[in-house]
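This report describes one protein model, moving from a single residue out to the whole chain. The sequence and the structure come first.

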Amino acid sequence: EVQLVESGGGLVQPGGSLRLSCAASGFTFGTYDMSWVRQTPGKGPEWVSHINSGGDKTDYAASVKDRFTISRDNSKNTLYLQMNSLKPQDTARYYCAPKDHWFDKGYWGQGTQVTVSS
């Protein structure tokens, strides 16, 4: 059974940082390109970042580029998202998913809430 468990969210002030983690199990994590996705109530999912299976190719949405860094540790079956210089508009629930299914809620975990507020 595919399982993705996101963690690391919380309440942070503008300009602060958080590091999200996504623990994967039930599939060969190291062979899959992965993504981070975020969603706010009443809106559709927003793609945040992709990383290839080897971890040497990344891509970012314009809204987070130069502030967020995606990475992975295939030996630990874990995906990460380092978020710096956080803004109130980054407030959302964050999910990880296989890249080819980033838009499909059926592939998401339970998510982790990030709230940026003073």
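In this predicted model, tyrosine 94 is in contact with Glu6, Leu20, Trp36, Val37, Arg38, Val48, Phe68, Leu81, Met83, Gly111, Thr112 and Val114, leaving aside its neighbours within four places in sequence. Tyr94 also belongs to the largest nonpolar core, which has 27 residues; Trp36, Phe68, Leu79, Leu81, Met83 and Tyr94 are the members that touch the most other members. The elements that give two or more residues to this core are S3, S4, S5, S7, strand S8 (78-83), strand S9 (92-98) and strand S10 (112-116). S3 gives the most, with four residues. In soluble globular proteins, nonpolar side chains tend to be buried together.

**Overall form**

The protein has zero helices and ten strands. Its 118 residues would give a compact globule a radius of gyration near 13 Å, and the protein agrees with this at 13 Å. The C-alpha trace spans about 40 × 30 × 20 Å along its principal axes. Buried residues account for 42% of the 118 residues. Of the contacts between residues at least 6 apart in sequence, 53% join residues at least 24 apart.

**The four-stranded sheet**

Four strands form an open sheet in the order S1-S3-S8-S7, with antiparallel pairing. Strand S1 (3-7) and strand S7 (68-73) are the edge strands, each pairing on one side only. On average, neighbouring strands of this sheet are turned by 15° against each other, direction ignored. Strands of a sheet pair through backbone hydrogen bonds, either parallel or antiparallel.

| Strand pair | Bridges | Sense | Opposite residues |
|---|---|---|---|
| S1 and S3 (residues 18-25) | five | antiparallel | glutamine 3 and serine 25 |
| S3 and S8 | six | antiparallel | serine 21 and tyrosine 80 |
| S7 and S8 | six | antiparallel | arginine 72 and leucine 79 |

S8 is largely enclosed by the rest of the structure, because five of its six residues are buried. The hairpin of S7 and S8 has four residues between the strands, and asparagine 77 there takes a positive phi near 50°.

Histidine 50 lies in strand S5 (residues 46-51). Its relative accessible area is 14%, and since buried means under 20%, histidine 50 counts as buried. A polar contact of 2.4 Å joins its side chain to that of serine 35. Beyond four places in sequence, histidine 50 touches Met34, Ser35, Lys57, Thr58, Asp59, Ile70, Lys99 and Trp102.

Glutamine 39 lies in strand S4 (residues 34-39). With a relative accessible area of 15%, glutamine 39 is buried too. A polar atom of its side chain lies 2.7 Å from the backbone oxygen of lysine 43. Not counting residues up to four places away in sequence, glutamine 39 touches Gly44, Pro45, Ala92, Arg93, Tyr95, Lys105 and Trp108.

Terms used:
Residues are numbered from 1 along each chain as its sequence is written. This is a predicted model: local features need pLDDT of at least 70, side-chain atom pairs count only at pLDDT 80 or more; totals for chains, interfaces and linings use all residues. Side-chain values use heavy atoms; hydrogens and water are left out. Buried means under 20% relative accessible area, exposed over 50%, partly exposed in between (1.4 Å probe, protein chains only). A polar contact is a pair of N or O atoms within 3.5 Å; within protein, one must be able to donate a hydrogen and the other to accept it, and residues adjacent in sequence count only if both atoms are side-chain atoms. Contact means heavy atoms within 4.5 Å. Two strands pair if DSSP finds at least two bridges between them. Axes are lines fitted to C-alpha atoms, for helices over the stretch in contact, and angles run from 0 to 180 degrees between N-to-C directions. A nonpolar core is a set of buried Ala, Val, Leu, Ile, Met, Phe, Trp, Tyr and Cys residues joined through side-chain atoms within 4.5 Å. The radius of gyration is taken over C-alpha atoms; the globule rule is 2.2 Å times the number of residues to the power 0.38.
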